[in-house]
Amino acid sequence: MKNEARKIRLIMELRRSGVTDTRVLSAIERIPREIFVPDPFKDQAYENTALPIKLGQTISQPLVVASMSQALAVGERMKVLEIGTGSGYQAAVLAKLCRRLYTIERHGPLLAGAEEIFKQLRLHNITAIVADGSRGWPEQAPFDRIMVTAAAETVPEKLADQLAEGGIMVLPLGAQGGDQDLIRVTKQDGKTREESLFPVRFVPLVAGEVPS
Ligand code: SAH
């Protein structure tokens, strides 16, 4: 089966699994996932599975990327922050949905690879840095939306602080190696409220120094 046919089959699977937001589905359709997947796995790029990338990290399952993007309710004029660039795939999908996407990755080589692809795909509205994302990006705050794609045990306080009034953040929460849930944090009148959406499995958010 050709990639185009596989992609259509994947989009239908996402719809059946509850992804109804047409902007999200069209972003998934427009971003070629095979470019973000390492060579040995390219033929699985349109399977609904997570795949390994460099440095022991993973590119998330397409259903998780789509469901998290839908839960974030991104508008086209919004400023969005993603933590955990990894392959860059989720960042590319978000970049199609918003005005400006900021993304932070702690591993330099991963970020370099992702930036190369952003250039190739002409995604000029992405700004990326190597840093500890649990501290957010104070110089660029506040953000209308924040998505964390690595699991923390509690909501990082600095990220909640950098969320704009009326803002939404989605993040996986849970103990290392244990069960995690995707949590949606909303900020209204300066106060945050949390609700649990669905179970997920992410690599841990590692705070502190970035490896050189
Ligand atoms: N969004 C990615 C998948 C994320 S995997 C994609 O679409 O491919 C999680 C990523 O978070 C890994 O690349 C890991 O290095 C990164 N990460 C973990 N802790 C981090 C931190 N404190 N700051 C920034 N990135 C972090």
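**Figure 1. Pro142 lies in the loop that runs between strand E5 (126-130) and strand E6 (143-148).** The model shown here and in the following views is predicted. Ala141 and Pro142 are joined by a cis peptide bond, with omega at about 0 degrees. Most peptide bonds are trans, as a general rule.

**Figure 2. Leu55 is found in the loop between strand E1 (51-52) and E2.** Leu55 has a positive phi of about 60 degrees, although this residue is not a glycine. In general, most residues other than glycine have a negative phi. Is Leu55 buried, partly exposed or exposed? Leu55 counts as partly exposed because its relative accessible area is 46%, a value between the limits of 20% and 50%.

**Figure 3. Arg122 occupies the loop between helix H5 (108-120) and E5.** Phi of Arg122 is near 55 degrees, which is a positive value in a residue other than glycine. Because its relative accessible area is 65%, Arg122 is classed as exposed; the cut-off for this class is over 50%.

**Figure 4. The ligand sits in the largest pocket of the predicted model.** How many residues surround the ligand? The ligand is surrounded by 25 residues, and the closest are Ser87, Glu105, Asp132, Gly133 and Val206. By residue type, the shell around the ligand consists of ten nonpolar, eleven polar and four charged residues. Strand E2 (58-59), helix H4 (89-97) and strand E4 (100-105) each contribute at least two residues to this shell.

**Figure 5. Asn3 belongs to helix H1, which spans residues 3-16.** Asn3 has a relative accessibility of 27% and therefore counts as partly exposed. How far apart are the C-alpha atoms of Asn3 and Thr127? These two C-alpha atoms are separated by 29 Å, and the two residues are 124 residues apart along the chain.

How values were computed. Residues numbered from 1 in each chain as written. Predicted model: local features only at pLDDT ≥ 70, side-chain atom pairs only at ≥ 80, totals over all residues. Heavy atoms only, no water. Near = heavy atom within 4 Å. 1 Å grid on protein atoms, 1.4 Å probe; cavity = no way out; pocket = protein on both sides within 12 Å on 5 of 7 lines; lining within 4 Å. Sits in = over half its atoms within 2 Å of the grid points. Helix = DSSP H or I, 4+ residues; strand = E, 2+ residues; numbered from the N terminus. Nonpolar A, V, L, I, M, F, W, Y, C, P; charged D, E, K, R; others polar. Buried < 20%, exposed > 50% of the residue type's maximum accessible area, 1.4 Å probe, protein only.
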